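Subject: Structure for your review

Dear colleague,

Please find below the structure that I am handing over to you. I would be grateful if you would read the notes that follow with the model open beside them.

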Amino acid sequence: MAALELSRLTLSQIREALASREIRVTSAVLSELAGDRRVGVRRLARRLARARDAARAERRRLDSMLEKDRALWRSGMVRVAGVDEAGMGPLAGPVVAAAVIFEPGSEIRGVDDSKKLSSARRDELAGIIVRDAVATGIGEASVEEIDRLNIFHAGLLAMKRAVAALCPAPEFALVDGRRIPELEIPQEACVGGDRRHFSIAGASILAKTHRDRLMMKLDRLFPEYGFARHKGYGTAQHRLAMEKHGRTPVHRRSFCRRMA
């Protein structure tokens, strides 16, 4: 649309034309809107520019996160699993791992390290991941297994179980931070993988949301401990509750001994 025509449109008409995509947000259009004599049109131009810059930044971020996945897909690895765990540090509750296989060429805007996302955004993305993925798998290691094996090996056990739960089975695994012992497929340990690689980030979201739901259930069983709020981590509130009420069967005794 020519600059002269833009200047003749009301602010409402410009918004309607943008919504219907009759006007596309190009550099030329932004320049014209930014130079308009009307304050409301200039304000709209600034919002559009910020949205365009945010979309470009997200595109660059997502392309970077997808680099390893895309390389594996191009090499012929169709079923690449991302694997991550949640709940290594809490004083209570299981450690949970997730594995996810995406269709080659997949991308989901917003997928990132679960720790960077709000609870609501994690839940939203988890639903999209489960809907769009070829396969997802969840693995858990119980409090008893954590105390018997130690948290490091319990986390590996949960990840192995998550991979085993995938159907179809993966051809390759990208694992956050470490290698899974006795895994019968090729794998790569990726340090910081949940913030660097798309499929691992997807797994981190599934692991976190699944564990959070488990802790919400435990909160209903043990409401005096506040599990719904702190998810079993050693917050001041949680420690005070333990001092007052003692330990529950879902507390990790090997962790709690270190508090004594």
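In which sense do strand 2 and strand 3 pair, and over how many bridges? Please note that the model is a predicted one. Strand 2, residues 95–101, pairs with strand 3 in the antiparallel sense, and seven bridges link them. Within this pairing, V95 is found opposite A141 of strand 3.

These two strands belong to an open sheet of five strands with mixed pairing, whose order is 3-2-1-4-5. Strand 3 and strand 5 (187–190) are at the edges; each has a single partner strand, so one side of each lacks a neighbour in the sheet. From one strand to the next, the twist averages 20°.

Elsewhere in the sheet, strand 1 (residues 80–86) and strand 4 (residues 172–176) run parallel and are joined by four bridges. There, V80 has F172 in strand 4 as its bridge partner.

Helix 4, residues 39–74, lies across strand 1, strand 4 and strand 5, and runs at about 165° to strand 4. Helix 7, residues 151–164, packs on the sheet and touches strand 1, strand 2, strand 3 and strand 4, with its direction at about 150° to that of strand 3.

Finally, the structure contains zero disulfides. C167 is exposed, at a relative accessible area of 65%, whereas C190 is buried, at 3%.

Yours sincerely,
A colleague

Key
Residues numbered from 1 in each chain as written. Predicted model: local features only at pLDDT ≥ 70, side-chain atom pairs only at ≥ 80, totals over all residues. Heavy atoms only, no water. Disulfide = S-S within 2.5 Å. Buried < 20%, exposed > 50% of the residue type's maximum accessible area, 1.4 Å probe, protein only. Pairing = 2+ DSSP bridges. Axes fitted to C-alpha atoms, helices over the stretch in contact; angles between N-to-C directions. Contact = heavy atoms within 4.5 Å.
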